[in-house]
Protein chains: 2
Amino acid sequence: MTERIAIIDLGSNSARLIVMHVYEKGAYNLVYNQKESVRLSEGMNATLHLQPEAIGRALSTLKIFAHMCQLFQVDKIIGVATAAVRNAKNGDQFIALAERETGILLDVISGELEAELGFIGAMNTIDLTDGLLFDLGGGSTELTLVKNRQIKQSISLPFGAVTLTERFGLQDKVNDAKIAELQAFIQAQLASLPWLKRIFAPLVGIGGTARNIAKIDQRLKNYPFAKVHNYRLGPLSFDQILELIDKTSLAQRRKLPGLSSERADIIIAGVNIVKGLLDITQAPQLVISGCGVREGLFLQYYQAKYQQPPIMKNILEHSTHNVLLAHEGDPNHAYHIAALAETLFDGWQDHLALRSGDKKLLKVAALLHDIGITINYYDHPRHSSYLIENARLFGLTHREQILAAVIAGWHNGTSAKYYRNRIYSEFLDEGDWHIARKLAMLLAIAECLDVTQMGLVKTVQALIKTKAAVLKLYLSEPAPIERQALQKCDKWIKKDLGLALEIEECFI
Amino acid sequence: MTERIAIIDLGSNSARLIVMHVYEKGAYNLVYNQKESVRLSEGMNATLHLQPEAIGRALSTLKIFAHMCQLFQVDKIIGVATAAVRNAKNGDQFIALAERETGILLDVISGELEAELGFIGAMNTIDLTDGLLFDLGGGSTELTLVKNRQIKQSISLPFGAVTLTERFGLQDKVNDAKIAELQAFIQAQLASLPWLKRIFAPLVGIGGTARNIAKIDQRLKNYPFAKVHNYRLGPLSFDQILELIDKTSLAQRRKLPGLSSERADIIIAGVNIVKGLLDITQAPQLVISGCGVREGLFLQYYQAKYQQPPIMKNILEHSTHNVLLAHEGDPNHAYHIAALAETLFDGWQDHLALRSGDKKLLKVAALLHDIGITINYYDHPRHSSYLIENARLFGLTHREQILAAVIAGWHNGTSAKYYRNRIYSEFLDEGDWHIARKLAMLLAIAECLDVTQMGLVKTVQALIKTKAAVLKLYLSEPAPIERQALQKCDKWIKKDLGLALEIEECFI
C-alpha cells in the first residue's frame with residue numbers, strides 16, 4: 001500500500017514541511033519541500049513569550065502547510081515544535097491555538113529528543129563512525145558526540161543563530177570588539193563541556209547555517225555539483241568564509257553568492273558558533289548534512305514500520321536498494337548481476353590493481369545499471385548514469401557517486417561522451433577514468449553472463465594464469481547466448497587485463 | 001490495472017520483441033526491446049520454401065522471446081510474421097511448428113495489413129500531414145501514400161533488402177554495371193505506380209535500412225543527439241551515403257561508423273531502394289521513423305482498449321500526457337499552470353515577438369515542468385529538463401524538444417548552466433536562447449500565480465499598455481502569497497518585456 005507522510009518542523013527561525021511518498025514495495029521519495037522564514041522566536045528574549053506578530057506568521061504558515069497536506073493527500077502528519085515553543089511561557093497556549101486554527105497538532109520535543117532525531121537523520125545519510133554532530137537552529141544548538149555510530153554524549157544548548165543575534169545586536173555590520181564579545185560568550189559556553197575538547201574527528205553540521213556555509217564555499221570554489229548534503233570543507237576554507245561574513249554589512253551580505261538573503265541578518269551569530277565548535281574540537285573537516293530532524297522523524301517512523309532499528313546497518317545498501325525500487329528496477333536481475341560482478345572483482349582485483357573500496361562502486365553501478373529504462377529504453381545506460389549522479393544515494397562521497405554513474409553508463413561499452421561532460425571532468429582525473437573503465441569492464445562481463453536473464457550462469461570463478469585470464473562458468477545447462485555475448489568484450493578484456501580470456505565450463 | 005503487452009515481429013531479416021508496460025492510469029512505456037538477426041528468408045528465393053537452417057534460427061530466437069515474455073510476466077503476446085512466412089509454401093507448417101515448440105502463435109499478416117500497421121506506428125509518432133511512407137524490410141517493401149493524415153494508396157512490393165541482395169548478388173563489393181542493373185530493376189518496379197510520381201512531400205522511412213541511414217548520417221555530421229526517430233536528412237546527404245555504400249567492400253562496410261555490422265551485406269540493396277523512391281517522388285526530405293509495425297500493433301491495441309480511433313488527433317498532446325503520467329506528475333496542477341501560461345502567451349505574444357508555433361513548446365514545458373521530482377526534489381527543474389530532452393515525446397523536432405527542455409529547466413529562473421551543455425549549444429543559437437528565455441518567463445509567472453497550488457487565481461488577462469504590462473488576476477479570494485511570489489519575477493519581466501508589471505485584481 002502506498003503511503004504519504006508529512007513532516008512539519010516549526011523551529012525558532014523557519015518552518016519546514018516535507019512530504020515523503022512511500023511506494024507499494026517500500027521505496028520512498030521526497031515529493032514536496034517547503035520552507036518559510038517565520039522567525040517564531042523574534043522578540044522573545046526579554047519576556048520568554050511568543051510575540052503576537054510571530055504567532056500570526058506561524059499560524060498563516062501552518063494553514064498553508066495544512067492545505068498542502070490536503071492537496072498531497074497525506075495519510076499522516078508528524079509535526080514537531082522546537083526551541084521557541086519549548087522555551088516560551090505561552091508555548092502550550094500556542095500549540096492549542098495552532099491545533100484549533102489549522103488542525104495540526106505539534107509535539108513540543110525536548111532538546112534531548114531533538115538531538116536524537118538529528119542524529120537519526122544524519123547517521124542514516126552520512127557515512128560516519130566517529131564525530132561531533134551539531135544542529136544549529138534559531139533558538140538552540142544540539143551537540144551530539146558520536147562514537148562507533150552511537151550517541152556517546154549529547155546536549156541541547158539554549159542559544160542559536162536568532163537568539164544570539166538579538167542578544168548581541170548582530171543584524172548589520174559589527175566591529176571587532178563585538179565579535180570578540182560574541183566569541184568569548186560562545187567559548188565560555190562550550191568550555192563547560194569537556195567532551196568537546198580535541199576530538200580530532202569530523203564536525204557534522206545540520207541546519208540552515210551549515211547549509212549556507214556549504215553553498216557559499218561552493219560558489220567561491222565554483223563547485224560543479226548542485227548538492228549540499230555530504231559536502232566537505234576544511235578549517236582554512238571555513239575561516240575565509242567567516243572573515244567574509246564578519247566584515248560585511250547586512251546589505252553586502254544580502255548579495256553574497258550562496259547566502260540566502262533571508263538569513264543574511266543572523267549569519268554572523270551562526271558562523272561564529274561553528275567557529276567555536278571547530279576551535280574546541282580541532283575537527284579536521286566540516287561535513288554538511290542536508291538531513292536532520294525532519295529526515296530523522298521520517299526514518300524513525302519508516303524503520304519502525306518495517307521493524308528495523310532506527311540506525312541502519314549499511315546506509316549505502318539501503319539507499320541503493322531504495323533507488324532501485326523507486327525506479328522500478330528488477331531486483332532479481334540486479335542482484336544477480338551484482339553478485340557476478342563482485343565475484344569477478346574478487347578474482348581479478350590484484351591483477352587490475354583495484355582497491356578493495358572500489359568494490360562498493362561496482363556494486364552500486366551493478367544494482368542500478370538498468371534504472372534509466374524508466375526514462376527511455378533507448379540509450380538507457382546514459383540515463384542510468386544521470387539518475388545515479390542525481391539520486392539520493394547515501395554513503396558515497398560526491399566523487400564516488402559520479403564514478404558509480406560513469407561505471408553504470410558504460411555497462412554496454414565505454415563511450416567518450418562522458419569525457420565531455422563538464423561536471424565529470426571537474427571531479428575525475430586520469431586515474432579515476434582508468435578505474436571506472438576497469439570496473440565497467442567487470443560489469444559488462446557480468447551483464448554478458450546473464451544476457452538472457454535466465455540465470456544460466458549460476459556463479460563464476462575468475463582466475464589469473466600466466467598466459468590467460470580464466471573464467472570458470474558454473475552452469476546448470478549450456479549457455480550459448482551468454483558465451484556469444486562474451487565475445488563482444490574480448491577486445492576490452494585484452495586491453496584492460498592485458499591477457500586473453502579463456503572460458504571453462506563446469507556443469508553443476 | 002497495470003498490463004504488460006509483448007509484441008513479436010518475425011520479419012524476413014530480423015525478429016523483434018518489445019514489451020510495453022501500461023501503468024494503472026493508462027500511461028505506457030517501453031520496458032524491453034530485443035532484436036535478433038534471423039534471416040528467415042535466407043535461401044528462399046529459388047524454391048519459395050523456408051530453409052531448415054533458417055527455421056532452426058527462428059525457433060531458437062522465438063524460444064528466447066517466450067522466455068523473456070515469461071520473465072517480464074506479460075499478460076498478452078501479439079505476434080506477427082511478415083513477408084518470408086507469407087510467401088513461403090511451407091509457411092503454415094512453420095507457424096504450427098513454432099506454436100508447438102515455443103507456445104507463440106504468430107499471425108501471418110498480409111502486405112496490406114503490414115502497410116497499415118506501419119502507417120499507424122508512424123502517423124502516431126511523426127507529425128506528418130502528407131507524404132510517402134515506406135517500410136523497407138528483408139522480403140517486402142510497403143509503400144503508403146498519405147494525404148491529410150489518411151491512407152490514399154498503399155501497396156506491398158514483394159522485394160526487400162534481403163531478397164534483392166540474393167537475387168543480384170550484392171553481398172560484397174559490386175561494380176557499376178551491377179548497380180545500374182539493380183537500379184533499373186527498382187525503377188521499373190516503381191514506375192508502374194503512377195501515384196508515386198513527384199509527390200513533393202516528405203519520404204518517411206521505417207525499418208532497419210532507414211534507421212541505419214540515419215545513424216550513418218549522424219556519425220558523418222557528428223550529430224550530438226542519440227536519437228534516430230524523426231531524424232531528417234536531405235537528398236544531397238543521402239547521395240553521399242549512397243556513394244559511400246555502393247563503392248565499398250563488405251569488410252569496409254562492416255567498419256562504416258553508424259552501420260550495424262549485421263546489416264553490412266544487405267545495405268546496398270536497401271539504400272538503392274530508397275534511392276529509387278527519392279528519385280521518383282522527388283521528395284525534398286527523408287524522415288526516419290523509429291516506430292513502425294510493432295508500435296502500430298501496440299497502439300492499435302491500446303487505442304481500442306480506450307475506445308479511441310487508431311490514428312490520434314494530436315500526437316504531441318497524447319505523448320506529453322503520457323510522459324506526465326509516467327513520471328507521476330499531478331495533472332491538475334500541470335494543466336492549470338499550462339492554461340495560465342498559454343493565456344499569458346496570447347496576451348503578450350506580439351509584444352514579445354513570439355511566433356504562434358512557440359506556444360506548443362510553452363505548453364509541453366508547462367505540463368512537464370515538475371516531472372524531475374521523481375529523480376530528486378532538489379534541483380528538480382534541471383531533472384525535468386533532462387527528462388524532457390530524453391522523453392518519448394512525439395510531434396516535436398529534435399530542436400523543439402530541446403527548447404522545451406530548456407524552458408522547463410528555467411521555470412524557477414534562468415541559469416547559465418544550460419549554456420554550457422554541449423548538446424544544447426549544438427542545437428540552439430542566440431535567437432533560440434532568447435525565445436527560450438521569454439517562454440520560460442511566461443512559465444515562471446504562471447508558476448508564481450499558483451505557487452500555493454490552491455488555484456486561487458482562476459484565470460488571468462495579460463495586456464500591454466503604453467507604460468506597463470498589465471496582469472489582471474481573476475480571483476475568488478485574496479492571494480497574498482501568489483502576489484508576493486510574483487515580485488521575484490519583477491526584474492525578469494522588466495528585462496524581457498521592457499515594461500514594468502502592473503497587477504490588477506478582479507474578484508469573481
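The structure is a predicted model, in which local features need pLDDT of at least 70 and side-chain atom pairs count only at pLDDT 80 or more, while totals for chains, interfaces and linings use all residues. Residues are numbered from 1 along each chain as its sequence is written, chains are lettered from A and ligands numbered from 1 in the order in which they are written, and side-chain values use heavy atoms, with hydrogens and water left out.

Of the area that chain B buries against chain A, 17% is supplied by Tyr377(B), Tyr378(B) and Tyr386(B), more than by any other three residues.

Between chain B and chain A there are zero salt bridges; a salt bridge is a side-chain nitrogen of Lys or Arg within 4 Å of a carboxyl oxygen of Asp or Glu. Polar contacts, in contrast, join 15 residue pairs between the chains, with both residues at pLDDT 80 or more. A polar contact is a pair of N or O atoms within 3.5 Å; within protein, one must be able to donate a hydrogen and the other to accept it, and residues adjacent in sequence count only if both atoms are side-chain atoms.

Helices (H or I, at least four residues) and strands (E, at least two) are DSSP runs, numbered from the N terminus.

Within chain A, the assignment gives domain 1 (3-109), domain 2 (112-292) and domain 3 (315-507); domain bounds come from an automatic or database domain assignment. The C-alpha centres of domain 1 and domain 2 of chain A are 23 Å apart. In their contact, 16 residues of domain 1 of chain A meet 17 residues of domain 2 of chain A. The two domains bury about 1200 Å² between them, with 44% on carbon and sulfur atoms. Arg39(A), Asn45(A) and Ile109(A) supply 38% of the area that domain 1 of chain A buries against domain 2 of chain A, more than any other three residues.

Four salt bridges are counted between domain 1 and domain 2 of chain A. Arg39(A) also forms a salt bridge with Asp265(A), the closest N and O atoms being 2.9 Å apart.

Over all chains, the structure holds 38 salt bridges. One of the side-chain pairs meeting in a salt bridge is Glu262(B) and Lys35(B) (3.9 Å, N to O). Glu262(B) lies in the loop between helix H9 (250-254) and helix H10 (267-281) of chain B and Lys35(B) in strand E3 of chain B, so this pair ties together parts 227 residues apart in sequence.

Note on methods
Buried area is the accessible area (1.4 Å probe) that two parts lose on being put together, summed over both. Contact means heavy atoms within 4.5 Å.
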